[in-house]
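Subject: Handover of a structure

Dear colleague,

Please find the structure below, with the sequence alongside. A summary of what was found follows.

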Amino acid sequence: MTGLIKALILWVICSSISYMIYKKCMTKAELLEEGIADECTIANNADIETMFQHLKISFSINCVALILATFIPLQFLRWGAAIACAFTLPPVFYDAIYITLPKMKESRTRFAMTIASFLNLFLIIYDLNYLYWTYLHKVFI
C-alpha cells in the first residue's frame, strides 16, 4: 500500500472519529437547552466547534496537498503543497496543547476532544514528513 493511500485512510478515520465526537456533543447541547443534560456547556460547544473547524480545514488542505504532490510532477507545486500543510500546524498545535489538554480531565467529552486534536496534530506531522521524504528531499549540491 502506498504512502498516499495510508495517509488518506488515516485522514478519513480521524475525521470520522472527530465527526462522531462533534455530533455527540451537539446532541448533548440540544438536550442541555431542554434542561436534560448538564455535561456540555457553552464553552465546551465553542471549543468543540473550534476543534471541528480545525479538523475540516486541515483535512481538506492536507488531502488536496497529498493528491497534488502525488500526481503533479512540478517541484514548486509540491513545495507549495508542503507549505500549505505547514500553515495548518500552528492553530491545531495551539488548540491541542493550550486549549484541550489542560481541560482534558473535566469530562469524557473533553477527553475525546483531546484525542481528536492530537490525532489531527499527528496526521499533519505525518503528512509533512511524507511529503518531504517522498517528494521534496533532494540532495542540494
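The protein chain exposes about 8200 Å², of which carbon and sulfur atoms supply 72%; accessible areas come from the Shrake-Rupley method with a 1.4 Å probe, and for residues only the protein chains shown count as cover. This is a predicted model, in which local features need pLDDT of at least 70 and side-chain atom pairs count only at pLDDT 80 or more, while totals for chains, interfaces and linings use all residues. Residues are numbered from 1 along each chain as its sequence is written, and side-chain values use heavy atoms, with hydrogens and water left out.

Overall fold

The chain has 5 helices and 0 strands, giving the pattern α-α-α-α-α along the sequence. Helices (H or I, at least four residues) and strands (E, at least two) are DSSP runs, numbered from the N terminus. Of the 141 residues, 38% count as buried, that is, under 20% relative accessible area, with exposed meaning over 50% and partly exposed in between (1.4 Å probe, protein chains only). Among contacts (heavy atoms within 4.5 Å) with a separation of 6 or more, 75% are between residues 24 or more positions apart.

Tyr22 and Glu49

Tyr22 lies in helix 1 (residues 3-34), and Glu49 in helix 2 (residues 42-71). Tyr22 counts as buried because its relative accessibility is 14%, whereas Glu49, at 28%, counts as partly exposed. The two are 27 residues apart in sequence, with 7.6 Å between their C-alpha atoms. Their side chains are joined by a polar contact of 2.9 Å; such a contact is a pair of N or O atoms within 3.5 Å, where, within protein, one must be able to donate a hydrogen and the other to accept it, and residues adjacent in sequence count only if both atoms are side-chain atoms.

Nonpolar surface patch

Trp79, Ile83, Phe87, Tyr132 and Trp133 make a nonpolar surface patch of about 570 Å². Patches are made of residues with over 30% relative accessible area and no salt bridge, like charges being joined within 9 Å and nonpolar side chains (Val, Leu, Ile, Met, Phe, Trp, Tyr) within 5 Å. A salt bridge is a side-chain nitrogen of Lys or Arg within 4 Å of a carboxyl oxygen of Asp or Glu. Helix 3 (75-87) and helix 5 (108-136) each supply at least two residues of the patch, and helix 3 gives the most, with 3 residues. Trp79 is placed in helix 3 and, at 35% relative accessibility, counts as partly exposed.
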